[in-house]
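Colleague: Please take me through this entry one question at a time. I would like each answer to end on the value or name I ask for.

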Amino acid sequence: APASQVLEERWAADLQRHGLTPEAVWAQAQDAARRQQRPEQSAIEAGLEQALEQRSVVTERELRVAVLEAAQLRGGGAQAALEEARQVLRRGRLIELGHDAQDQRVFSTPETLARERSMILDARAGLGGGSHVTTDAVEAAIRARPTLSQEQQQAIRHIAAGDRVVVLEGVAGSGKTFALAAVVEAAQASGARVHAMAPMHSAARSLGAETGVKGAVALQGFALGLATGRLQFGDEPPGGGDRGVQYLGQRALLLVDEAGMASSANMATLLQHARQGGAQVVLIGDRRQFGSVEPGDAFSAVANEIGLARLETVRRQQVDWQRAASQRFAVGDSPAGLAAYEARNRVIYADDGADAIKRTVEAWAVNRRQHPNASRLVLAQTNVQVHTLNAAIRAHRLAAGELGSDALVVRTLHSGGDKGRGEVRDLELRQGDRLALRTTLTATGREVLAGDVVTLVAFTREQDPALTIRLDRTGQEVTIKLSELAPTVRRGEPDAERLPRLQHSEAQTVYRSQSQTTDYTIVLAGAGLDARAAYLAATRHRLDVALVVDGGTIRDRLAAEDKPATPDSVRAAFLAHAARHDRPQNAADYLSPAVRQAWMATGQVRQERSQPRQTQTETRVEAIMRHAASLVAAARHAVVQAIQQARAARQLGQDRKQRASADIKRQLREAAQVERQIAAGTKPKDQEEAARWEAIRQRGRDLQDTPEARQMRRHQTQRQGPTMGMSH
C-alpha cells in the first residue's frame, strides 16, 4: 500500500483540483452525518445496517470498522462501541459461519440464513414435481424452428423434463431468448399460462418482446404482488374473484430472465408461492455476469443445489475472433478475453481521467459518423462517470446543432447517490435530448414504462411543464406532465423521493446494460474492469467494441507500489485487473459441509466446539494453524495473481507477435507483387506511384532475412518442386 505521506499528498492534490480544502470537506461530512444519522439507532445497530445493507455476510474486521465509523458519527467512544459489538455476538444477533480465504471470521444474521434455507428447500421440493410443458409440445416447437442448435434444443427439452424449478444458464450472446420463444410456444400449446419477468424493467421488456409474452413485468413488483395477495395462483372463481386480485392460472409457468440479478428476498418469495400454488419456475441467467445489488446470490444458490442446463456457444458477435474472446469471458478468463481486443487496437490508453472522457466521446462521435444507421451503447462503471459522459456528449451535440437553442432546467432524481438511493441534480432539457425514464405510466392509458429511453420533442414552461416525448420502443409520441414522473410516496419519506425520475441517457452503467444487445459499444473502462464488468461490457456488441482506459491512474498506482510504469506494465496491469472476482455472496457458502448438512436438516448452525479441558491448548494450536492457513492462502492468492498476470502478458505478447508476423508477410507479398509487375514490363503511372513501388521493394529487401521470408520461400519451393531433376 502507498505510504501515508504519499496518500496525503495525492489527496491534497485532488482536493485542490476540485477547489476544496480538508477543513471544508470535514465540515461537509459532519453536516451530512447530522442530517442523515438515525439517532434512535445505537452504533452497533447502525454499523450492522451499513455492513449488511448490500451483503449477506460480514467479516469481523468489516463489522468493527462499520461500528467504529457509526460511533464516531454519534460521538460515542470506540471501546464502548466495540464492547457492544462483542455483546451482540455473544447474544446470537449474528451467527458465525466460518472463515474466509484471508482467515477472517465471517458472520451473518439468523434472518439471512433462514431465507437462504427456505429458498433452497423450495427449489428442492420442485425436483420431480412435474413440468407444465409437455414433451410433444416441446418437440413440435423445436421442429418449427430448424435453426435451433443442438444445445438449444437440449435446453428446451430440459425445461419439460419433469421438474417444477428449472435453471437455464447461458453465456452472453448464446441465444437464450430465441430458445425461450420455443418454450413459450410449447407451454401455451400445453395449456399453461406464461408470465414473464426480470429484475430490471428493461430486461423484462426485452424478454416479453422477444418471446411474445404480453405484460412482462419487473420481478420485484411480481414478488410484492404475491406477498400482498394481489397476485394469486389458480383460476378466477365463478362469479368473479376478490376485488383487486389478479389470478395467474391453475397451470402457471414463470419465466425469470436475468435471474442472476434477483435478490434473495424476491427469489425466496417467488419460489415459496410458486411451490404453494403449483406453478413451474424457469430461471434464466449467467452466474459470471452481475448479481443483485441487494444481499445474496439467489441464482447461484438454486443452480448449485438443483443443477442446470447450459448454453455455451456464442452467437452474438459476427467476427470469429470476437466470438472466441467472448468464449474466454464466459469461462471466467476475462484477462484473455480483453487481451484479444487489446492486441487488435480496440483498447485505447488515455493520459488521465479527463483525457479518457474526451477519447470516449471522440470514439462515440467517429463511430456515429461512420455508422449513422447502427445502434450503439456508451458504457461506464459508475453513475458519476455516466453523468460526466452525458454532459460531454450533450455538449458535442449542442455544438453540432442537434439540440434546441431553448433550454429548461428542472430538478430531478438521478441514479446513484448514497447506497443507490438516488441523487438530486438539476437537469437541463433541450429539444432533441435523449432521456431515460424511471417511472411507469400504463395506468393512464399511455404505454410509458420504467426504463424507457425517449427523445424530447417539445416542452412547455408552466409550473408543471408538459413534455412531449417519442419512445424508442414504439416510436409513439406522448405528452406527459413532469410531475407524473414522480412516484407516489408514503408520508415521512424524504422530499427527494417526490422528485421526477428523469435523466439524460447518452450513456449508462455497465450494470444497467445487462440483457441489452447493440451493434457497437464504447466503454469507459477507467483504471480497470473486474471479471464481471469486463465480461458484460465486452459482449454487448454484434460488430465491434472500443474500450478507453485511464492509463494515468494505472501508472500512478504502479508508481505508488514501486513498480515500473512502462506502457507494457500498464497494459499488463489493466488485463490482470480483469482477473478479480467477488467473494462468495451467500451465507451458506461459508459453512463447512457437515455444518451445512445439519443446518439444512434443522435450521440451526452449530459449529463444532472443542472439549473444555483442552480449550487452552487447542486455542493456541488453532491460532497457529489459522495463521499458517492465512499465510498459505495469501501465498496461493499471490501465485494465482502472478500466474494470471503472466498469462495475460503472454497472451498479449503472442497476439502482438502474430499480428507483427502477419504484417511482415503482407509487406513481403506486396513487394513480390511489385517485382512481378516490373518483370512483366508494367511501368508506374506517375512519379508518385514509382516512389511508392520503390518504397515497397525496399521494405521487401529489408525483410528478406526474417523468419517469415524464409518460410514463404520454403513454401514457394514446395509448391513449385525442385527446379532440376523433375520427372515428366
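Colleague: Are F329 and Y535 buried or exposed?
Modeller: Residues are numbered from 1 along each chain as its sequence is written. The model is predicted, so local features need pLDDT of at least 70 and side-chain atom pairs count only at pLDDT 80 or more, while totals for chains, interfaces and linings use all residues; side-chain values use heavy atoms, with hydrogens and water left out. Buried means under 20% relative accessible area, exposed over 50%, and partly exposed in between, with a 1.4 Å probe and protein chains only. By that cut-off F329 and Y535 are both buried.

Colleague: How many aromatic pairs are there?
Modeller: Rings of Phe, Tyr and Trp (its six-membered ring) pair if their centres lie within 6.5 Å; planes under 30 degrees apart are stacked, over 60 edge-to-face, and the rest tilted. Under this rule the number of aromatic pairs is three.

Colleague: What is the angle between the planes of F329 and Y535?
Modeller: A pair of aromatic rings is described by the distance of the centres and the angle of the planes. For F329 and Y535 the centres are 6.4 Å apart. The pair counts as stacked, and the angle between its planes is 10°.

Colleague: How many residues apart in sequence are the parts that this pair ties together?
Modeller: Helices (H or I, at least four residues) and strands (E, at least two) are DSSP runs, numbered from the N terminus. F329 belongs to helix α14 (residues 320-330) and Y535 to helix α18 (residues 531-537). The pair therefore ties together parts whose separation in sequence, in residues, is 206.

Colleague: Which ring does the charged end of R344 sit over?
Modeller: A charge sits over a ring if NZ of Lys or CZ of Arg is within 6 Å of the ring centre and within 35 degrees of the ring normal. The charged end of R344 is 4.4 Å from the centre of such a ring, and that ring belongs to W321.

Colleague: What is the relative accessible area of A343?
Modeller: A343 lies in helix α15. Its C-alpha atom is separated by 9.4 Å from that of Q658, 315 residues apart along the chain. A343 is buried, because its relative accessible area is 1%.

Colleague: Which strands stand at the edges of the open sheet of five strands?
Modeller: Two strands pair if DSSP finds at least two bridges between them. The order in this sheet is β12-β23-β22-β13-β21, with parallel pairing. Two of these strands have a single partner each, so one side of each is left without a neighbour in the sheet: β12 (347-350) and β21 (508-509).

Colleague: Which residue in β21 is the bridge partner of L379?
Modeller: Strand β13 (residues 376-380) and β21 run parallel and share two bridges. The partner of L379 in β21 is Q508.

Colleague: At what angle does helix α20 run to β12?
Modeller: Axes are lines fitted to C-alpha atoms, for helices over the stretch in contact (heavy atoms within 4.5 Å). Angles run from 0 to 180 degrees between N-to-C directions. Helix α15 (residues 334-343) lies across β12 and β23 (541-550), at about 90° to β23. Helix α20 (residues 567-577) lies across β12, β22 (518-526) and β23, and its angle to β12 is about 120°.

Colleague: Which elements do the buried residues of α13 pack against?
Modeller: Helix α13 (residues 298-306) is largely enclosed by the rest of the structure, because seven of its nine residues are buried. Among them are F299, V302 and I306. Just after α13, G307 has a positive phi of about 85°. The buried residues of the helix pack against α6 (110-125), β4 (165-170), α12 (264-277) and β10 (280-285).

Colleague: How many bridges join β4 to β10?
Modeller: Both faces of β4 are covered, with V165, V167 and E169 on one side and V166, L168 and G170 on the other. Strand β11 (residues 309-311) pairs with β4 in the parallel sense over three bridges, with G170 opposite L311. Toward β10, V167 stands opposite L283. The strands β4 and β10 run parallel, and the number of bridges joining them is five.

Colleague: Which residue in β3 is the bridge partner of V58?
Modeller: An antiparallel open sheet has the order β1-β3-β2, with β1 (58-59) and β2 (95-99) as edge strands. Two bridges join β1 to strand β3 (residues 105-108). In β3 the partner of V58 is F107.

Colleague: What share of the residues in the chain is buried?
Modeller: The chain has 24 helices and 23 strands. Of its 728 residues, the buried share is 44%.
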